[in-house]
Amino acid sequence: MCGIIGYIGPRNASEIVVEGLKKLEYRGYDSFGFAVRANPDIKILKRVGKIGSVTVQELGLPNSNLAIGHTRWATHGSVTEINTHPHISQDEKIIVVHNGIIENFQAQKKFLESQGLAFYSQTDTEIIPKTIEYHMKRGYDFVEACKHSLKHLEGQYAIVALHKDENKLVAIRKEAPLVIGVGEGEFFVASDVPAFLEYTKKVIFLDEMDLAVIDKNISVFNLTKNSFVDRTITNIDWNAEQARKGEFDHFFMKEVYEQANTLERVANIDETLIKEVAGEIRKSEGIFFVACGTASYACMHGVYTFAKIAKMHINFCLAHEFPNFKHFLNNKSLVIALSQSGETADTLTAIRAAKAAGAKTISITNAMGSSLMRESDKTILARAGPEICVLSTKAYTSQLAILTLLAYELAGKLDEGKEKLKEVVRYIYYLTSEHTRKFIQEIAKNLRYAQHIYLIGRGLQYPTALEATLKIKEVSYIHAEGFAGGELKHGVIALIEHGTPCIVFTSTENEKEIISNAMELKARGGYIIGVGPNNNPVFDVWIKVRESEEANSICQIIPMQILAYQLAMLRGCDPDKPRNLAKSVTVK
Ligand code: M6R
């Protein structure tokens with residue numbers, strides 16, 4: 001939620017922050033702004049709306065060696081130019097961009113007002129430059145004032161601050177992502193790596209309560225330890241190409257298309273890690289999967305797959321509901337958290353609760369160096385590469401694939417699992433081909449004016465129905481709901497009217513039962529779209545997805561991702577940046 005970027009070095013900082021911010025827009029796109037230090041002045045520019053393809057020249061930003069930028073997902077204060085970041089101190093010398101929430105901002109604002117400082121916005125962020133200003137007035141220099149200010153700021157935040165008279169950036173991290181890119185005589189600081197991937201793959205992941213002072217060098221002070229600390233440089237194995245749209249119109253379709261490659265990477269994953277994690281699972285008593293949104297449907301897939309292949313029962317809990325069950329945890333429990341971003345606040349809270357209870361923690365995340373990775377005992381990286389579209393697609397199928405491999409390893413059949421995945425990879429080339437895309441587009445044309453779409457599946461196809469539902473809802477804004485096939489007659493069937501589109505996921509394993517459900521829908525006038533290995537007279541349309549047994553979840557979701565995309569296109573929605581959403585939900 002919100003993306004921040006800063007640059008200091010020999011290149012044109014304005015150019016870098018404008019282009020970098022475009023890569024972070026998935027984190028929020030209500031408004032954007034920049035502060036450019038063009039000695040002796042600071043140029044501040046704010047705009048409401050998406051940054052789009054605007055250039056540094058069109059924005060009229062000066063050449064400079066130091067600049068910061070921000071793209072906003074509004075939390076405190078409506079979407080106006082005044083509330084847009086950067087925010088400045090009263091003396092107009094301290095400029096700040098911020099991602100996160102300052103929880104005590106009302107009390108702090110009152111205090112600062114009592115000290116004669118006036119406020120112009122409704123944001124929580126504005127108290128940051130003004131708190132720094134307050135400490136500078138008490139005699140501290142800029143960096144010391146930043147350190148002192150943190151003692152008064154509660155909540156989760158990543159901050160980049162600059163002072164008009166100083167050629168440096170101060171970067172602060174507390175429970176919100178912030179990563180430093182290390183170039184030749186230059187530094188980048190951003191919420192996420194794609195913002196500067198064009199220039200460097202060397203990164204420093206800041207730790208909790210790190211305050212980095214960046215000028216010609218970098219020094220990191222940790223406020224909890226109250227001392228300077230060494231932070232290692234890590235090499236990222238992503239490349240700049242992965243963070244570009246290339247020949248695609250949208251990241252959404254690019255990322256759907258990439259799934260053959262991303263899954264191949266999972267199929268060739270380091271076996272030692274899978275075996276180690278499976279070992280932890282074997283020796284634990286009381287295991288929970290936790291996650292939110294799409295990752296939670298991957299967890300549900302895990303529950304079914306572990307039951308089926310590994311004959312193991314795993315509990316599943318939405319991360320934000322986990323506090324209700326944490327009293328079941330002890331030092332033999334294991335909590336496995338799934339998250340694309342590794343920064344979802346609810347998921348991190350669940351992991352922290354697990355650790356507090358003495359439980360072991362494992363994460364499956366796509367983001368190297370993320371909070372989740374750093375805070376859990378072991379991590380399996382999803383290897384999906386940067387996922388820029390706000391909707392999760394390729395990270396989801398990678399999570400499914402990793403869980404499938406773990407289940408096979410637990411059953412003592414890892415090689416079989418890997419073979420299965422490799423077979424699926426070959427099939428995914430077909431599922432993402434132009435032929436499939438065109439076929440699905442025709443189906444989308446029939447559904448584009450639908451008010452409701454219902455999706456059903458049984459067994460492993462049930463989480464698929466739920467994930468497909470989420471994809472359709474969040475990008476096309478059509479109301480969709482997913483159900484377990486058996487649930488229909490317990491109430492849901494009342495919703496079916498003549499022409500209601502119903503998507504039915506089938507597999508050879510439960511074909512008879514799910515086809516009966518499809519018949520029940522058809523008998524009430526439903527327009528039936530079958531997704532699965534065999535055609536059936538009950539289907540009005542059939543999307544053939546060959547039988548892949550335990551890997552059905554991976555294969556069947558792909559045409560649904562394409563359907564959601566096509567619906568968005570036909571309905572004039574932005575597939576990469578749906579309204580009201582942000583990629584990384586860093587607030588509770
Ligand atoms: O980064 P995470 O996987 O933890 O994110 C969880 C959800 O916020 C995310 O999956 C969300 O539901 C997406 N909009 C799905 O497309």
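Trainee: Where is the place of Pro-86?
Mentor: This is a predicted model in which local features need pLDDT of at least 70 and side-chain atom pairs count only at pLDDT 80 or more, while totals for chains, interfaces and linings use all residues. Residues are numbered from 1 along each chain as its sequence is written, and side-chain values use heavy atoms, with hydrogens and water left out. With helices (H or I, at least four residues) and strands (E, at least two) taken as DSSP runs numbered from the N terminus, Pro-86 falls in the loop between strand 4 (66-72) and strand 5 (87-88).

Trainee: Is the peptide bond from His-85 to Pro-86 cis or trans?
Mentor: Most peptide bonds are trans. The bond from His-85 to Pro-86, however, has an omega near 0 degrees and is cis.

Trainee: How are helix 9 and helix 12 oriented, roughly parallel or roughly antiparallel?
Mentor: The axes, which are lines fitted to C-alpha atoms over the stretch in contact, with angles from 0 to 180 degrees between N-to-C directions, come within 9 Å and cross at roughly 20 degrees for helix 9 (residues 293-310) and helix 12 (residues 394-410). Because angles under 35 degrees count as roughly parallel, over 145 as roughly antiparallel, 65 to 115 as roughly perpendicular and the rest as oblique, helix 9 and helix 12 are roughly parallel.

Trainee: How many nonpolar residues does the contact of helix 9 with helix 12 have?
Mentor: In this contact (heavy atoms within 4.5 Å), residues of helix 9 including Tyr-297, His-301 and Phe-306 meet residues of helix 12, among them Gln-399, Leu-403 and Tyr-408. Ala, Val, Leu, Ile, Met, Phe, Trp, Tyr, Cys and Pro count as nonpolar, Asp, Glu, Lys and Arg as charged, and the others, Gly among them, as polar. By class, there are no charged residues, 6 polar and, as nonpolar residues, 13.

Trainee: What volume does the largest cavity have?
Mentor: A cavity is a set of points on a 1 Å grid over the protein atoms alone where a 1.4 Å probe fits but cannot get out, and lining residues have an atom within 4 Å of a point. The largest cavity is lined by 25 residues, with Ser-191, Asp-192, Ser-341, Ala-367 and Met-368 nearest its centre. Its lining divides into 13 nonpolar, 6 polar and 6 charged residues. With grid points joined across faces, edges and corners, and volume taken as the space filled by probe spheres set on the points, the value is about 280 Å³.

Technical notes. 1 Å grid on protein atoms, 1.4 Å probe; cavity = no way out; pocket = protein on both sides within 12 Å on 5 of 7 lines; lining within 4 Å.
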